[in-house]
Amino acid sequence: MEDLPLDSCKEEDTAPGAKGWPAPQARVHFRVTSFIMEAGVKLGMQSIPVATACAIYHKFFCEINVDAYDPYLVAMYFQPGSEPLELDSGFWVIRDSIAQCELLVLRVLRFQVSFEHPHRYLLHYLISLKNWLNPYSWQRTPISVIAWALLRDSYRGGFVYGVEVTAEAEAEKPWWQVFSDDLTKPIIDDIVSDLSRIYTMDTEMP
């Protein structure tokens, strides 16, 4: 199945706020994806399924206005924070609603729900960087922990530790282009800005 890019929101939707949504919508999506991640942790799920759930949620609302459907229903967590549902008639109504919503999401995304997540690439990058840095620099800075946390948090909407990369001054190209020829400093700055907005929303949440 064709991979669906994670950053294909319509250009006209771009506005202040993480992932290009206006700030109020960004806060809604931040809260919902936080619930997705929390549920994933409680269910003991691995990183990739949780990341896929967040990516599908974000892609759906790139196509559909957030006012059209309950975001928590789309996220498959209909009543966050509530007690477990009783197996009564209300339970079956909610179950049927979720099943219908799942079909809707699949149709809106044209059944393209296979994602090329960056987790495995990050692992290769970290291994390469570890072999490139001197052991002291690697041990004294939590590069791998921070990188993994940034990747995880990016699904809810660089931090630089001052580590000097070996031979950076004599390198023929910037360190980030070693990993990707298409990557530019403005793109990195945009990513940092988006992540900063995500963390700002996190501190503003009650």
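Which residues have the most contacts inside the largest nonpolar core? Some notes on that and a few other spots, bearing in mind that this is a predicted model.

1. The largest nonpolar core has 29 residues, and Y57, F60, V74 and Y155 are the ones with the most contacts inside it. At least two residues each come from α1 (23-42), α2 (47-63), α3 (71-74), α4, α5 and α7 (143-154). The top contributor is α2, with seven residues. As background, nonpolar side chains in soluble globular proteins tend to be buried together.

2. V74 deserves a look in the viewer. Leaving out residues up to four places away in sequence, V74 touches Y57, F60, F61, Y69, C101 and V105. Y57, F60, F61 and Y69 also turn up together as one aromatic cluster.

3. On the aromatics: the structure holds five aromatic pairs. One of them is F60 with F61, an edge-to-face pair at 5.1 Å centre to centre with 85 degrees between the planes. Both F60 and F61 are buried.

4. R110 has phi near 55 degrees, a positive value in a residue other than glycine. F111 lies in the loop between α4 and α5 too, and its phi is near 60 degrees, again positive in a non-glycine residue.

5. Is F111 buried, partly exposed or exposed? F111 counts as partly exposed because its relative accessibility is 45%, and the partly exposed class sits between under 20% for buried and over 50% for exposed.

Note on methods
Residues are numbered from 1 along each chain as its sequence is written. This is a predicted model: local features need pLDDT of at least 70, side-chain atom pairs count only at pLDDT 80 or more; totals for chains, interfaces and linings use all residues. Side-chain values use heavy atoms; hydrogens and water are left out. Rings of Phe, Tyr and Trp (its six-membered ring) pair if their centres lie within 6.5 Å; planes under 30 degrees apart count as stacked, over 60 as edge-to-face and the rest as tilted. Buried means under 20% relative accessible area, exposed over 50%, partly exposed in between (1.4 Å probe, protein chains only). Helices (H or I, at least four residues) and strands (E, at least two) are DSSP runs, numbered from the N terminus. A nonpolar core is a set of buried Ala, Val, Leu, Ile, Met, Phe, Trp, Tyr and Cys residues joined through side-chain atoms within 4.5 Å. Contact means heavy atoms within 4.5 Å.
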